[in-house]
Amino acid sequence: MIVTKSWLNEWIDLDGISTDYLAKTLNSIGLEVDRIQSYSVPNKIIFGRVLECEKHPEADKLNICQVDIGASTRQIVCGASNIRAGLDVVVATIGATMPDGTIIKPVKLRGVESDGMICSAKEIGLEDTQDGILELDSSIGEYTLGQEVSENSTLCDDLIEIELTANRGDCLSVRGIARDLSAAFDRPLKDKSVEENEDKRVGIGRILSLSHEPNLHVNLRYKAVDLKDLVLPCIVKLRLAQIEEKRETDIESVMLYATHSSGVILRAYNYSFFCEDNNTLAKAHLASDDNGYASIMAKEKASTVGIIQEDVSKVTYDEGTVLIEASYIPPDIISRKMQEVKMPSGPMYYRTSRGSEPELDQGLDFCLRLIDSNSNSSLYGGNIELGNDYEDTVISVSKKEIDKIIGADIDKVKITNILNNLGFSTTKSSSDKFVISVPRYRHDISHKQDIVEEIVRLVGIDNIPSKAFCFTEDNRLGDDYLTYKKRQSYRHKAAFSGFFESVHFVFDEKKVLQKYGFETLNEELELLNPIVNTLDTLRSTLLTGLLKAASHNSKNGYLSIKLFEIGSLFNSKREESLKMAMLFSGDRESQNLSNAGKPAKVDFGFFAQKLSDIIGDFKLREFETSHSLSHIYQCAEVMIDGKPVGELFRVHPTVEDDYDLDVTYMCELDFGKLPYGLKTATNTSKYQASFKDLSLIMPQDMSYEKVKTTIESANVNNLVRFYPVDRYSDESLGENMSLSIRFVLQSSEKTLEEEDITSSMDSILESLQSSLGIGLR
């Protein structure tokens with residue numbers, strides 16, 4: 001988007017604002033300045049007026065002009081085709097250095113003296129208007145004959161090219177850019193409205209009628225003018241050259257200039273195109289064409305709204321009636337339609353697809369004032385319009401929400417001024433809440449975050465104090481997620497240890513559960529319609545399912561079977577719980593050279609170690625299961641941090657035979673009690689540990705649990721851990737046995753000396769003697 005400072009100044013007062021500060025402000029509010037180009041006219045180039053203009057006697061293409069330059073009149077020979085008496089022109093006087101380096105000197109052209117040069121726009125360093133010499137008029141502001149052109153701020157202007165993002169179609173006009181600057185500088189837009197008396201004008205309804213199909217989502221507004229003697233102002237020619245646009249006719253140039261200034265899409269139509277059979281009433285019809293585009297129709301298509309105007313409907317004459325159309329169609333509709341059905345587009349499609357200006361009145365009035373002030377044309381009174389119902393987008397956001405998103409306290413009055421200057425309505429707001437009506441030209445605003453973004457860009461990101469980053473979002477990780485992650489963790493650990501997951505229905509056979517002594521559902525809670533007879537109740541254990549799976553594997557020839565399952569169980573009241581079960585049957589490892597093809601069978605200790613690889617440290621204590629799957633002499637309760645979490649046992653030999661299994665070990669654990677979470681590191685002593693063995697004489701029927709409890713309750717200094725290493729009995733010991741226990745002692749403060757070790761061991765022996773009556777062998 002290209003603008004100039006003087007062009008912007010027509011819409012907003014930029015007095016006291018330099019071009020550099022203007023560019024800095026545009027960048028800070030998100031309108032990125034791509035380039036700045038300054039136009040400066042050299043000294044000794046002044047304003048003049050052609051008093052007389054005669055043909056050169058010796059050259060057909062030269063004219064001898066008498067030019068008033070204020071202080072004197074100079075004779076200048078000029079070859080421009082548009083030179084004539086009465087013109088105000090730019091004159092390079094003797095001694096002036098032109099932008100291309102040429103120095104103006106007195107010369108004789110075909111025998112006639114010439115004191116200076118009448119210049120074109122390009123010759124003085126402005127954009128090339130391609131019209132010969134520059135014809136000046138009041139559009140460039142006030143000037144006096146003999147005044148330096150470099151003093152004129154309209155000609156010596158600064159061009160600013162702005163790179164717009166795709167969502168800012170509202171800034172594809174000088175007025176749109178000025179509207180954002182209005183909010184940035186807190187200066188109002190200039191009022192361009194003019195009260196006109198249309199009482200004596202012929203109404204447009206006498207020459208034009210408009211009909212339309214429903215639901216085409218188009219806004220149209222028509223005016224009419226009897227065009228006569230239209231002359232493009234100097235400033236219009238210069239600015240169209242600056243934005244690198246040119247049209248074939250003056251009326252088309254006016255449409256382009258007014259569109260670039262106001263943002264409203266404007267078109268000029270040949271009036272007679274809409275008249276049929278010499279009928280003086282033009283008839284336009286808005287309808288869908290064969291591809292579904294909203295189009296202006298007469299005897300044939302005149303234009304496709306927002307996309308292209310057909311050549312047959314364009315104005316090619318300098319005098320006659322012209323219909324001026326202002327149109328608006330929502331950008332999402334026109335863009336979506338173009339994606340569905342491609343068609344050739346005109347130069348205005350870029351604007352309509354990104355969002356043109358919907359306030360048609362201001363664009364149409366701007367255009368007609370430009371025509372009226374630069375021609376002898378007469379305007380028709382009134383207008384013909386078609387409006388599409390539009391419901392404002394309303395966004396509610398509290399002051400607290402705005403401050404929270406921005407991270408700073410922005411003054412409410414400042415927020416209100418910013419929004420109002422941008423065209424947002426805040427009239428329905430309350431003391432602590434903004435109720436904001438979004439203007440139609442801001443189709444990119446739909447959420448409260450968009451409103452906050454507008455406030456931030458106008459306040460300036462550099463003006464918002466920095467704050468330390470912190471999370472304001474609530475933790476969304478609930479118990480369900482943590483249970484899922486825990487389950488995944490244990491599944492992976494089991495798989496890494498060589499176990500295969502076996503998944504079963506939550507149903508089981510009631511007869512089997514009762515056979516082995518497991519709990520079953522109360523009769524009134526039983527399944528009413530089981531899927532099969534062998535799955536006629538909800539399971540109360542995972543063990544029977546794993547036994548069946550292991551039996552199938554054994555029958556298929558597998559010698560080592562390792563299975564696990566994590567699943568739901570139900571008690572007699574249908575209360576659900578989550579358990580983890582494991583099974584290891586047969587060989588410890590596969591047959592290989594190291595075991596001579598005869599691997600050892602799994603045993604209690606080996607299975608306990610495999611379980612430890614998965615669930616971590618645990619302890620075992622004497623236990624008797626409530627069911628009959630277990631071996632009565634090889635079962636234990638699994639303890640973690642002093643709390644029972646499940647059972648571990650060898651499967652009873654008769655059950656192994658029932659299921660055709662080799663030696664088999666199983667465990668079932670309460671999954672909810674298994675540890676999961678962050679592990680806390682503990683200090684480890686850097687001093688050497690000492691190992692000491694004691695062989696105790698104790699009754700054969702005394703459990704190790706009693707010995708263990710007694711030693712732990714003694715609270716012996718420096719005792720890290722202890723464990724049994726040997727058990728011995730013979731006839732000489734009678735009903736007693738010898739139990740060897742290894743003690744590990746270590747201090748975090750020093751290397752233990754012999755007397756420290758002896759003191760600790762004496763404390764252990766004293767406690768065992770006093771509590772259990774046992775001592776050294």
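Student: Which residues of α5 meet α8?
Tutor: In this predicted model, the α5 side of the contact is made by Ile251, Val254, Met255, Tyr257, Ala258, Ser261 and Ser262, and the residues they meet in α8 are Gln362, Gly363, Phe366, Cys367, Leu370 and Ile371. Sorted by class, the contact of α5 with α8 has nine nonpolar and four polar residues, with no charged ones.

Student: And at what angle do the axes of α5 and α8 cross?
Tutor: The axes of α5 and helix α8, which spans residues 360-373, cross at roughly 140 degrees and come within 9 Å. That angle makes α5 oblique to α8, since only angles over 145 degrees count as roughly antiparallel. The crossing of α5 past α8 is right-handed.

Student: What about α4 and α5, which residues meet there?
Tutor: From α4, Val236, Arg239 and Leu240 meet Ser253, Leu256 and Tyr257 of α5. That contact of α4 with α5 consists, by class, of four nonpolar residues, one polar and one charged.

Student: How are the axes of α4 and α5 set?
Tutor: Helix α4 (residues 234-242) and helix α5 (residues 250-262) have axes that come within 10 Å and cross at roughly 70 degrees, and the two helices are therefore roughly perpendicular to each other. Here α4 passes α5 in a left-handed crossing.

Student: Changing topic, how is the chain divided into domains?
Tutor: The domain assignment gives domain 1 as 2-39 + 159-185, domain 2 as 45-156, domain 3 as 204-386, domain 4 as 393-463, domain 5 as 480-673 and domain 6 as 690-776. Taken over C-alpha atoms, the centres of domain 1 and domain 6 are separated by 90 Å.

Student: Is the chain spread out or compact?
Tutor: The secondary structure comes to 18 helices and 35 strands. The chain's radius of gyration is 49 Å, whereas the globule rule gives 28 Å for 777 residues, so the chain is more spread out than a compact globule. Along the principal axes, its C-alpha atoms fill a box of roughly 155 × 70 × 65 Å.

Student: One more pair: how do α17 and α18 pack?
Tutor: Helix α17 (residues 704-713) packs against helix α18 (residues 754-772) at an angle of about 125 degrees, with the axes 9 Å apart, and the two are therefore oblique to each other. The crossing of α17 past α18 is right-handed.

Terms used
Residues numbered from 1 in each chain as written. Predicted model: local features only at pLDDT ≥ 70, side-chain atom pairs only at ≥ 80, totals over all residues. Heavy atoms only, no water. Axes fitted to C-alpha atoms, helices over the stretch in contact; angles between N-to-C directions. Helix = DSSP H or I, 4+ residues; strand = E, 2+ residues; numbered from the N terminus. Parallel < 35°, antiparallel > 145°, perpendicular 65-115°, else oblique. Left-handed = near helix turned anticlockwise from the far one by under 90°. Contact = heavy atoms within 4.5 Å. Nonpolar A, V, L, I, M, F, W, Y, C, P; charged D, E, K, R; others polar. Domains from an automatic or database assignment. Rg over C-alpha atoms; globule rule 2.2 N^0.38 Å.
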